[in-house]
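Work through the following exercises with the sequence and the model side by side. Each task is followed by a solution that goes step by step.

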Amino acid sequence: LARERGYTAGTFSFNSGSGRCPTCGGNGFEHVEMQFLSDVYLRCSDCDGKRYRDEILDVKLLGTSPQTGARSIAEVLELTVSEALVFFAEDQDIHRALEPLQAVGLSYLRLGQPVPTLSGGEAQRLKLAGHLAKAAATSKNGNTLFLFDEPTTGLHFDDIAKLLSALRRLLEVGHSLVIIEHNLDVIAAADHIIDLGPEGGEDGGHLICAGTPQQVAANADSHTGAALREYTGAAQRLLSTAPRQRSRRKPASANAIAVHHAREHNLKNVSLEVPRDKLTVITGVSGSGKSTVAFDILFAEGQRRYLESLNAYARQFVQPASRPDVDAIFGIPPTVAIEQRTSRGGRKSTVATTTEIYHFLRLLFVKLGTQYCPDCNVPIEAQSTETILARLLREYRGQTISVFAPLVVARKGYYTDLAKWAAAKGFSSLRVDGELLPTVPWPRLDRFKEHDIELPVGDVRVSASNEGALRELLRRALELGKGMVQVLAQPKTRLRRAPATQLFSTARACTSCGRSFDALDPRLFSYNSKHGWCPSCYGTGVQLEGFDDGQSGEEIWWNEWWEGGTPACPSCDGKRLRPEALAVRFHDHNIAEYTALSVEAAEKWVRDLKLRGREADIARDIIVELRNRLSFLQEVGLSYLTLDRAAPTLSGGEAQRIRLAAQLGSNLRGVCYILDEPTIGLHARDNRMLLDTLSKLEGKGNTIVVVEHDEDTIRRAEYVIDLGPGAGSRGGEVVAAGSVRQLMRTRRSVTGRFLASPLPHPLLARRPIKPRTGAAIAIRGARLNNLKQLNVRIPLQRLICVTGVSGSGKSTLVREVLHENVQRLLAAQRRRKSAKQRLHGCTGLSGTDTFARVLEVDQTPIGKTPRSCPATYVGLWDYIRRLFAETPEARIHGYTPSRFSFNTKGGRCETCEGQGIQRIEMSFLPDVRVACEACDGARFNQETRAIHYKGRSIADVLAMSVDDAVEFFAAHSSLAHALQLLQDVGLGYLTLGQHSPTLSGGEAQRIKLVTELAKAKPAAAQPGRAARRERASATLYVLDEPTVGLHMADVEKLIRVMHRLVDAGNTVVVIEHNLDVIAEADWVIDLGPEGGAQGGRIVAQGTPETVAQRGRRSHTGRILNEFLASRRRKN
């Protein structure tokens, strides 16, 4: 049959010729590159993996016996070596080629098995079998010298035995073998050994001995001989003696991280142990040293040790942490910190990108998306060479064009080999990033920059008479460019602007307008790549004046410092991507429509996604990764977030839990995770889900260390370390360490006392409220974000707590509707505007005429440089500087208040520029911060420090604690009021000049609260006209989770401060999850029932006791009912 059809031997080759399958090129499979996932190999749909066209498989070959039957070439490739030996038993040539494979133990391999799928041992023996086959074919009496260089590399003992057997086969036919080898089995099997040495390098190069293995083993000067003697003796002992049972007992502290004598910050020579593979909580009052132990010691040391393993070149790009002030740390694994960062992420970061969900969505769209023309909305299809030729003749008639074949599109590298290939083909230049460069000599490209490289195929003038030349150029360019060609019209004059190149493709073009498109690439869907971002907003999705392609979106001025508005980009409608990316669809939706889904909705879409055949094979790993990451986000209580939610709009707690979910998706083992108050922003219902998630992370073999004040988390811990007993200089000691029960029995532990005797409620008697007739702020028709046309009454001169699960609409109602509108109305009153103000997010607002001002305390940081400190932030420092400027000595010298500023020249120390510390750059080592040698950390020069007020210099006052300052400035009411507030919220231990970056999250939050509270002096209610004046000057305080970072003892102090504000005639509205604060409220408004689209409704309101009875509808009510039952004050 083969002869009849004119088939030759080449017809049956799957590497070349016309017989192979044209779809897969004879591979039998389609190779799908999956970027960061394992590549997918799909059986060819045309040949079903058989490598050949159907007509070729009509040809059958008969075996040596009737039992073997007739087989096609594809069926022969499916035979194993042993089966093939039977099938070709009478064909001596084939038998001679296959027999060595059986001799080296590869009889189980299929003839058509791809070589890349072989193991290292199999590949080694396959090469050896090839040599055996050649040796057998060359001569029966061998006369070849074989040289082997360590043939046992990577081989198992059993494979080495088979290798030795094959080597003996070569010897038996008379060949000679010279082997360079270290393996003692091979050395012992040798007929002759040549041992060189005695050492390496200059101390080597001598013949130590030569002879049989026994003779070499007897040589006392040979290291090889000594190894042979020991190896032979060990083998004999192993055979003659029974195995001994080894002790597996580990030292007592082998499964713990041990810290010895830590003195970092306020720690007082502390030694402690953190159990490995367990959940440990580090707790204590705010400022006691928790973050110092967790982050400045455990995390910093784990990270530093990892970075030290990198070479000096790599370390210069990563700023390692400095070595903590500690004698020794043992047993520390690699560490990962999940902190309450002040920065949530850049302008181009979203929930999807942070959790890597977007990476997998991009890959899904690249591999399975359908490309549409953004102009015509028709699917992209292949176009013929004739269609492209017709367009060129029509669009470029009369012009001279350059035709290029694209070889490299936006890839990094030197491309030296590509230049050599082009030169060998006769091309003298390549077009690199729009510029022609010579192939010889080839210039050195920037390997870290993405390059576009095209091959200049030729120039031609487009005309009907030149159609033949144009057709040939086009054919060659398409062949070299693999179906892609670029055309560049040459400018007619030098003054004319260079035209853009136009792409044509035989694979991807619009059938309506003829426009060609590049192959789909993950960068097309990236906000951070010029290939994908919207040309107007550069991937931010919003209009930012001054933002361009040179900005990354991570810069601080676009985030923390940005005060302008952020309207959606009109070009992409906030979708961040260019039209070509948004025109790609998967199951009728583009990628922006999928990222607009909430986590919960996206998880349901992935779960219900039905894929079959090729789609299912390609998307298998992608779907698993998407499902895992979405479920992790749900487990940490973030099911209400949309995937395209911008990172800067997230709260600190949300951002931290997103990073936690990303770590869950990483599947790391043996890591120490350090978390900073992960329960922040979490409803009590979600707390339990989070704790289950942490247990799951621990169950994978990780160590979990949590800095936390939350009572449920502490009670759930397997080990608790309580630091204290006080804060600042009064803390820094390990008060207790062990189980929760042990902690409760320790008298010195403030945490233990509060766990054993929790705060009873109510602390003060409830203030009466008339729900319908009492004075109140009335909000009507609140409909912003997910709010569902709410009508809300907020009683005046009361403590109001707004509660609900995360995403239920609390911040929208309180901060955006209530606070923003009251602020606008009060501003209009001050400007004496009588015109009706337009309300934001609601249809009506009344009851605000009694307020003189509204103050908001949110969770933004107070400062990130050493120039910021409590005294400057609260506003004390200007008054203190004036006091020093008014002293007689200062007047004599003519000093003004600016002389006593450490931010301006004159009085400050110029060596450190008033910072008190100096940063010494250490190149690839961590920078070192030391006290300024000139001022010894005092910040001021000697002349300024010579001025004294009440016996203290300005530097002495900076170093003064709040507790000392209260007494020192008692006569100055302006200072005393703010200092007393700092003391009341538990910050008496802080120094006035403490650098802001060293403050804990709880300390920074309370300083901001005090700053707002200090703006008005609360006074007791007065009768008559004075009382009316007092009510008219009342303040509306809006607090967003003020208990963040507070210990249970500090929460009580905060509650009493809020009660004092209300008693002074003010109204306090608090967004809070802390049950102690909720239980103290006069009125509770609970939103829900869930987050996102399922929230935005009032599910319960009233006194805490009333809400507690609404447990069926309200998650807060159910948990509050249990809480009040255990905490009710006993009369």
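**Exercise 1.** Find the salt bridge that R766 forms with E1105, and work out which parts of the chain the pair ties together.

*Solution.* Begin with the criterion: a salt bridge is a side-chain nitrogen of Lys or Arg within 4 Å of a carboxyl oxygen of Asp or Glu. Next, locate the partners: R766 lies in the loop between helix 24 (750-756) and strand 28 (776-782), whereas E1105 lies in helix 37 (residues 1104-1108), so the pair ties together parts that are 339 residues apart in sequence. Helices (H or I, at least four residues) and strands (E, at least two) are DSSP runs, numbered from the N terminus. This is a predicted model, in which local features need pLDDT of at least 70 and side-chain atom pairs count only at pLDDT 80 or more, while totals for chains, interfaces and linings use all residues. Residues are numbered from 1 along each chain as its sequence is written, and side-chain values use heavy atoms, with hydrogens and water left out.

**Exercise 2.** Decide whether R766 and E1105 are buried, partly exposed or exposed.

*Solution.* Buried means under 20% relative accessible area, exposed over 50%, and partly exposed in between (1.4 Å probe, protein chains only). R766 has a relative accessible area of 23% and is therefore partly exposed. E1105, at 30% relative accessibility, is also partly exposed.

**Exercise 3.** Examine the salt bridge between R96 and D93, and say where both residues lie.

*Solution.* The side chains of R96 and D93 meet at 3.1 Å, N to O. Both residues belong to helix 3 (residues 92-103), where they are three residues apart, about one turn of the helix. For accessibility, R96 counts as partly exposed because its value is 37%, whereas D93, with 55%, is exposed.
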